[in-house]
Amino acid sequence: MPELTLVIGTRNYSSWSLRPWLLLRHLGLPFAERVYELETPEFAREVPRWSPTGRVPVLLHGPLRVWESLAICEYASELAGGRGWPEDAAARARARAVAAEMHAGFQALRSACPMNTRARGRRVPLTPAVLSDLRRLDALWSDCRRDFAAAGPWLFGHFSAADAMYAPVALRVRTYDLPLGEVARGWCATMLADPQLQEWLRAAAAETRVIASDEAGA
Ligand SMILES: N[C@@H](CCC(=O)N[C@@H](CS)C(=O)NCC(=O)O)C(=O)O
């Protein structure tokens, strides 16, 4: 039995759950999953048993409970000998800044374009705030790819927690056909083709729950 358990929400909508799940998979750390449907009485009753915020994801490791997606990524990386971050100290600091920027920011994009992995062809109004978030994303992904292209296809060459943190954004780009430059679109294509992400998407496609408040766009 795996000693790690990741408690997650409905895969189609739970963007915060996807992030550490993807990193754990890429690190090859075995873990069990416990899935609770978002916005159900069962979620409200059960998740606070594991998570002090009553939110997912939360990682269970023996008596330890790690809530907050970014903290789970950090812990998973430590369990994997630091492989969740770039080896070079300067690149690692930059990757952490990039990951923290996602964790704390992009509110306009996140609220206008909820992650909805099954949906395609949705259109939402691209307000000035959403466009500003998209410009920042475009610059961030393009700068990383420019500087680390020689080391591999991910933001810092090798897959890292920074990629995991932005995986849900690649899915939003696909669902809402968001405008980005060619280099940024290239990173999205790499992410969308990732076999581990594909595994998540297959499981999400098999879910039946529809959350009306997360069904944005015409
Ligand atoms: N800052 C948290 C955000 C967690 C979060 O908002 N999770 C959502 C699902 S994606 C949730 O649990 N929503 C249920 C609720 O708020 O009741 C993290 O990074 O883990």
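## Serine 69

Serine 69 is buried, because its relative accessible area is 2% and a residue counts as buried when that value is under 20%. The model described here is a predicted one.

Serine 69 belongs to helix 3, which covers residues 69-79. In sequence, serine 69 and valine 58 are 11 residues apart, and their C-alpha atoms are 7.5 Å apart in space. Serine 69 is also one of the residues around the ligand.

## The ligand and its surroundings

Where is the ligand placed in this model? The ligand sits in the largest pocket. The residues around the ligand are Ser14, Ser15, Trp16, Leu38, Phe43, Arg55, Val56, Pro57, Glu68, Ser69 and His103. Sorted by class, this shell consists of five nonpolar, four polar and two charged residues.

In serine 69, a polar side-chain atom is 2.7 Å from an oxygen atom of the ligand. In histidine 103, a polar side-chain atom is 2.8 Å from an oxygen atom of the ligand. For glutamate 68, an N or O atom of the side chain is 2.8 Å from a nitrogen atom of the ligand. On its own, the ligand has 510 Å² of accessible area, and the protein covers 74% of this.

## A cis peptide bond

Most residues other than glycine have a negative phi, and most peptide bonds are trans. The peptide bond from valine 56 to proline 57, however, is cis, and its omega is near 5 degrees.

Proline 57 is located in the loop that runs between helix 2 (41-50) and strand 3 (58-61). Both Val56 and Pro57 are among the residues around the ligand.

## Two residues with positive phi

Glutamate 39 is not a glycine, yet its phi is positive, at about 55 degrees. This glutamate is found in the loop between strand 2 (32-36) and helix 2. Is glutamate 39 buried or exposed? Glutamate 39 has a relative accessibility of 57% and therefore counts as exposed, the cut-off being over 50%.

Aspartate 177, another residue other than glycine, has a positive phi near 50 degrees. Aspartate 177 is placed in the loop between helix 7 (161-176) and helix 8 (182-192). With a relative accessible area of 51%, aspartate 177 is exposed.

How values were computed:
Residues are numbered from 1 along each chain as its sequence is written. This is a predicted model: local features need pLDDT of at least 70, side-chain atom pairs count only at pLDDT 80 or more; totals for chains, interfaces and linings use all residues. Side-chain values use heavy atoms; hydrogens and water are left out. A residue is near a molecule or strand if one of its heavy atoms lies within 4 Å of it. A polar contact is a pair of N or O atoms within 3.5 Å; within protein, one must be able to donate a hydrogen and the other to accept it, and residues adjacent in sequence count only if both atoms are side-chain atoms. Accessible areas come from the Shrake-Rupley method with a 1.4 Å probe; for residues, only the protein chains shown count as cover. On a 1 Å grid over the protein atoms alone, a cavity is a set of points where a 1.4 Å probe fits but cannot get out, and a pocket is an open set with protein on both sides within 12 Å along at least five of seven lines; lining residues have an atom within 4 Å of a point. A molecule sits in a cavity or pocket if more than half of its atoms lie within 2 Å of its grid points. Ala, Val, Leu, Ile, Met, Phe, Trp, Tyr, Cys and Pro count as nonpolar, Asp, Glu, Lys and Arg as charged, and the others, Gly among them, as polar. Helices (H or I, at least four residues) and strands (E, at least two) are DSSP runs, numbered from the N terminus. Buried means under 20% relative accessible area, exposed over 50%, partly exposed in between (1.4 Å probe, protein chains only).
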